[in-house]
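Student: Hi! I have a model open and would like to talk it through. Can you help me find my way around?
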Amino acid sequence: MAFINYVIHLAILIGIYSIVTFSLNLAVGFTGLLNLGHVGFFGIGAYVSALLAVQGVSLWISIPLGALAAMVMGIILAMPTTRLKGDYLALATLGFTFILGSVARNWTDVTRGALGIPGIPKIVKGNTEFLFVVVVLAVVSYLAMWYISRSRFGLTCEAIRDDELAAKMLGKNTFAHKALMLGFSALFAGFAGGLFAHYITFIDPSIFGINDLILMFSMLIVGGLASVKGSAIGTIVLFLIPEPLRFIGFPSSVLGPMREMIFALILLLILIYRPKGLFGKVDFS
Amino acid sequence: MSIATQLILNGIIAGAIYALVASGFSLIYGVTKFMHFAHGAVLATGAYLLYTFAVMAGLNFWLAVVLAIMVTSLFGAVMNWVVYKPLRKIKASSAVLLIASIALMTFINAAVLAIWGADVKTVPTVNPVFDALGARVTFIQVIIIVVSILLLLALWWLMKCTKLGKAMRAVADNKEVAQTVGINPEKIYTYTFIIGSFLAGVAGVLIGIEQNLYPQMGVSLVIKGFTGAVIGSLASIPGAVLGSFILGLVENIGIWWLPSGYKDAIAFVLLFIFLLFKPSGLLGKKVREA
């Protein structure tokens with residue numbers, strides 16, 4: 001019985017994080033924006049929804065509001081930053097993540113600082129039912145994001161990634177496309193963040209940490225840039241690989257760091273030996 | 001009045017440490033053209049090695065300092081060989097190298113956590129306190145300021161007046177042309193990482209003596225270091241040093257008005273403003289394209 005619960009728990013996390021991976025892919029893979037602020041969007045969705053929900057707001061309202069807050073942040077962040085190129089964009093978005101973490105730690109009146117927010121209501125009580133909800137929501141999110149990426153708008157974003165000047169010459173407003181795509185990317189990241197908060201029932205400022213960023217990028221790059229299938233499979237692979245460690249019997253103080261080391265190692269190996277990942281259509285240029 | 005002096009002095013001490021981090025970071029950025037975030041993890045390794053040699057192994061303190069700095073310098077070179085060199089070989093873009101360096105940083109941080117544990121460590125030292133112009137300053141803080149000024153002067157001399165420094169500047173300027181006049185860029189990259197990591201090792205040892213050690217210590221310091229570098233100019237070492245002192249002062253004077261928890265946020269906001277409005281920094285001339 002314990003084993004089944006563990007499998008269900010793992011499946012729920014995979015479901016939530018597969019949304020995160022695809023949403024990161026919208027910005028990084030499909031549009032070519034090296035966005036290191038994704039944990040920030042995930043965290044905003046989690047914090048906004050959790051803070052509203054503990055005040056008694058219905059989850060039907062709090063989770064969408066959290067996602068919308070993330071989207072607004074994404075568009076605001078895009079305004080000044082998308083004209084930056086390559087690693088400067090990466091630096092600025094990383095700085096954005098750190099600012100959010102700092103606010104979460106220090107704005108104690110609202111966020112309770114490092115104490116975090118305990119007692120966040122769950123979407124449904126039982127984990128089996130929760131898994132069902134997550135699977136449905138993940139499928140719906142995938143369809144929506146797949147539609148966005150295949151729409152005229154999404155295809156234009158891909159054209160901008162490949163040749164921004166050419167897209168401009170065709171009369172496309174490349175800035176608006178990039179900003180809106182970063183907004184969509186943030187929307188789904190915030191949505192996943194809300195689901196996460198209402199599953200784990202506790203969040204603290206460490207949600208804005210750099211370790212989660214590495215996990216997200218490992219899942220994305222293992223699966224492959226601009227690949228829908230890759231995002232789902234990358235997530236599953238990354239969640240399953242460190243799990244056998246649990247049964248070897250390492251103490252939990254070593255288990256956590258080992259998981260992080262494995263994620264980082266996988267990311268390094270794939271960057272060196274298979275930069276396109278399993279199903280990638282493009283690589284970083 | 002003495003509070004103002006104290007805040008300015010604290011700013012200079014913080015600036016001296018940031019300058020050591022930033023100069024190594026911007027040296028490596030200038031020559032290799034990518035952001036080596038794992039620089040912070042190298043620094044943390046230096047501090048933990050000092051703890052290992054001086055406290056756990058009980059070696060003579062000065063021997064422990066020398067060993068920690070030497071091993072840290074080599075560690076930087078090993079990172080270059082194991083991770084960055086293979087990536088350069090497949091002509092990876094600077095974005096890929098940036099992601100790799102963040103992965104490397106989390107890898108080392110997690111390794112530090114697994115090896116030494118999460119609890120805060122201290123290296124016990126004698127640390128008398130002085131009064132200077134109505135402000136409190138400790139012996140170690142004086143050492144920090146003196147050592148970083150001497151090292152930065154030495155680095156400046158190395159870059160301006162030695163053959164190695166000229167070769168490094170040549171590779172930084174134009175790798176292909178440097179190659180045609182007989183400079184081996186890979187060799188220069190190795191030296192660059194050794195020198196940069198040496199500076200990080202010294203910074204790690206100094207911070208290890210002055211403050212407590214914790215596994216994530218390198219992350220916040222490398223952020224401060226590159227913020228200082230961005231303020232001054234990423235690719236110029238004098239710029240990085242200037243920016244670091246500005247950052248140290250602004251942070252410490254800023255907490256006159258803001259709660260001290262916001263010290264880090266001040267740095268990030270400065271970073272953000274400079275990236276958006278003056279990405280080339282105060283001393284940089286042209287904005288780098290893609």
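Student: Where is B:Lys91 placed?
Tutor: B:Lys91 is in the loop between α3 (61-89) and α4 (94-116) of chain B. Helices here are DSSP runs (H or I, at least four residues), and strands are E runs of at least two, numbered from the N terminus. This is a predicted model, where local features need pLDDT of at least 70, side-chain atom pairs count only at pLDDT 80 or more, and totals for chains, interfaces and linings use all residues. Residues are numbered from 1 along each chain as its sequence is written, with chains lettered from A and ligands numbered from 1 in the order in which they are written.
Student: What about the phi of B:Lys91?
Tutor: Its phi is positive, about 55°, although B:Lys91 is not a glycine. Most residues other than glycine have a negative phi.
Student: Is B:Lys91 buried or exposed?
Tutor: B:Lys91 counts as exposed because it has 8 C-beta neighbours inside 10 Å. The cut-offs, with C-beta atoms placed from the backbone, are 20 or more others within 10 Å for buried, 12 or fewer for exposed, and partly exposed in between.
Student: And what is the phi of B:Lys33?
Tutor: Near 65°, a positive value in a residue other than glycine. B:Lys33 is in the loop between α1 and α2 (39-56) of chain B, and is partly exposed because 15 other C-beta atoms lie within 10 Å.
Student: Switching topic, which residues does B:Leu27 touch, leaving aside neighbours within four places in sequence?
Tutor: B:Leu27 is in contact (C-beta atoms, placed from the backbone, within 7 Å) with B:Thr192, B:Ile195, B:Gly196 and B:Ile237. B:Leu27 and B:Thr192 are 165 residues apart in sequence, with their C-alpha atoms 7.2 Å apart in space. B:Leu27 belongs to helix α1 of chain B.
Student: What does α10 of chain B pack against?
Tutor: Its buried residues pack against α1 (2-32), α5 (139-161), α9 (217-232) and α11 (263-277) of chain B. Among those buried residues are B:Ile237, B:Phe245 and B:Glu251.
Student: Last one: how many residues of chain A are in contact with chain B?
Tutor: 36 residues of chain A are in contact with 39 residues of chain B. On the chain A side, α4 (86-106), α10 (210-223) and α13 (252-273) each supply at least two residues, and α4(A) gives the largest share, 13 residues.

Key. Contact = placed C-beta atoms within 7 Å.
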